[in-house]
Amino acid sequence: MEHHAPTHDFLGLTFNLSNVLMITIASAIVFILAVVATRSLAMRPTGLQNFIEWVMDFVKGLIGSTMDWKTGGRFLFLGMTLLMYIFVSNMLGLPFAISFNEELWWKSPTADPTITLTLATMVVVLTHYYGVKMKGPKEYGKGFISPLKFLFPFKLIEEFSNTLTLGLRLYGNIYAGEILLGLLAGLGASGFGGALGAFLPMLAWQGFSIFVGTIQAFIFTMLTMVYMAHKVADDH
Amino acid sequence: MFNSLILGAGFAAGDIIYQLVAFIILLALLKKFAWGPLMGIMKEREQHIANEIDAAEKNRKEAEAFLNEQRDEMKRVRQEAKAMLENQKQMADQKGQEMIEAARLESERLKEAATAEIKRERESAVASLREQVASLSVMIASKVVEKELDERAQKQLIDEYLDQAGDQK
């Protein structure tokens, strides 16, 4: 079970085609889910509308717990999209993995550090952007030397470590889950005894992975809002 | 197996761009087709509920005001009725009093008239009695005198008497 990434060079850039595929699938699922849920909106919510409104209230709660709504309201859509995209991405790798010609095609897109770090960098860059935009360059700059001047290097390091931890936490959790699932699947496929031995751990690990995937989506969104609040809130 | 997934090894710059673009497109599409309308309906509901609460509050206040008004009206009517009743009673009392007074006056008048009548009757009776007594006494006196008078004197006396009676008639 030696897997390679199906890479392809295009316009001088290297594309991991499995990532491209899975990103597209995850995005499509999130989009279809959201559109189906909000297709027939009513004052009295029914079915999926209840679910999507619950998601919105949940993200509202996340934002509300880190900054006041007047500042944080604009991040609602970002938070909802992040939460649902990462959740769906985490779940995608759970039921099966497909490899073709020794190349791994079906997996969680979030089981790749490139993807998670891209998302993390995007979030951190957005925090800086909104920091400058909402507080002005001067106040934004002051954030690096307050409350004490000599904290500046640490604050600088913090920005990079935030990015790294945000991305790698997600990647690590999901990738580890998929590795173990892969190993258990390999064991299960090795013979009757293996299948018997792998069945229960597989069941447990699938359940645990669902839990981890949900928690990680929540943590990623939560931390996004925390970092955002650090940059845009006047006093926290 | 792992070398392609460790940072730096098998680094795919295209993935970064693809992920970024995909996420931004997803965000934009969801904003337009899902989150926007959802937010709209939730706001609308919030507004609706707020309106309903306001309306209910207003209705309650109105009902309360109406109730107070009715209560005052009731009180007023009751007082009016009471006053009316009292008035009527007073009037009846007065009327009764008046009737009693009138009856008393009437009876007094009748009594007085009767008394006057009695008095008059008695006076006339007394007068006639006196007259009769007088004539009787004259008659007795003449009878007594008659025996002692002579024919001539008797005749004269009778004539005198008759004259007197004729005068009196």
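Exposure in this tour follows one scale: buried means under 20% relative accessible area, exposed means over 50%, and partly exposed lies in between, with a 1.4 Å probe and protein chains only.

The model is predicted, so local features need pLDDT of at least 70 and side-chain atom pairs count only at pLDDT 80 or more, while totals for chains, interfaces and linings use all residues. Residues are numbered from 1 along each chain as its sequence is written, chains are lettered from A and ligands numbered from 1 in the order in which they are written, and side-chain values use heavy atoms, with hydrogens and water left out.

**Stop 1: B:Lys31**

Select B:Lys31. It is partly exposed, with a relative accessible area of 48%. Its place is in helix H1 of chain B. Helices here are DSSP runs of H or I with at least four residues, strands are runs of E with at least two, and both are numbered from the N terminus. H1 covers residues 13–146 of chain B.

Now show what B:Lys31 touches. Contact means heavy atoms within 4.5 Å. Not counting residues up to four places away in sequence, B:Lys31 touches A:Phe77, B:Gly36 and B:Pro37.

B:Lys31 and B:Lys75 are 44 residues apart in sequence. In space they are 63 Å apart, C-alpha to C-alpha.

**Stop 2**

Side chains of opposite charge can pair when their charged atoms come close. A salt bridge here is a side-chain nitrogen of Lys or Arg within 4 Å of a carboxyl oxygen of Asp or Glu. Over all chains, the whole structure has 10 of them.

Start with B:Arg60 and B:Glu64. Their side chains meet in a salt bridge at 3.3 Å, N to O. Both residues lie in H1, 4 residues apart, about one turn of the helix. B:Arg60 is partly exposed at 43% relative accessible area. B:Glu64 is partly exposed, also with a value of 43%.

Move along to B:Glu101 and B:Arg104. This salt bridge has an N to O distance of 3.1 Å. The two residues are 3 apart in H1 of chain B, so about one helical turn separates them. B:Glu101 counts as partly exposed at 38% relative accessibility. B:Arg104 is partly exposed at 40%.

Then select B:Glu117 and B:Arg120. Their closest N and O atoms are 3.1 Å apart, in a salt bridge. They too sit in H1 of chain B, 3 residues and about one helical turn apart. B:Glu117 is partly exposed, at 36%.

**Stop 3: where chain B meets chain A**

Show both chains. Here 34 residues of chain B are in contact with 48 residues of chain A. The chains bury about 3,800 Å² between them, 76% of it on carbon and sulfur atoms. Buried area is the accessible area (1.4 Å probe) that two parts lose on being put together, summed over both.

How many salt bridges cross the interface of chain B and chain A? The rule finds 1. Select B:Arg45 and A:Glu53 to see their side chains meet in a salt bridge, at 2.8 Å, N to O.

**Stop 4: helix H2 of chain A**

A:Glu53 is one of the buried residues of H2(A). Others among them are A:Ile52, A:Val55, A:Met56 and A:Leu62.

Select all of H2, residues 48–66 of chain A. Its end C-alpha atoms are 28 Å apart, which agrees with the 27 Å that its 19 residues should span at 1.5 Å a residue. The expected span is 1.5 Å times one less than the number of residues.

**Stop 5: A:Thr127**

Go to helix H5 of chain A, residues 113–145, and pick A:Thr127. Is A:Thr127 buried or exposed? At 2% relative accessibility, it counts as buried. Leaving aside neighbours within four places in sequence, A:Thr127 is in contact with A:Tyr227, A:Met228 and A:Lys231.

**Stop 6: chain A as a whole**

Zoom out to chain A. Its secondary structure comes to 7 helices and 4 strands. From the N terminus, the elements run β-β-α-α-α-α-β-β-α-α-α. The C-alpha trace spans about 65 × 50 × 40 Å along its principal axes. Of the 236 residues in chain A, 44% are buried. Among contacts in chain A between residues at least 6 apart in sequence, 69% join residues at least 24 apart.
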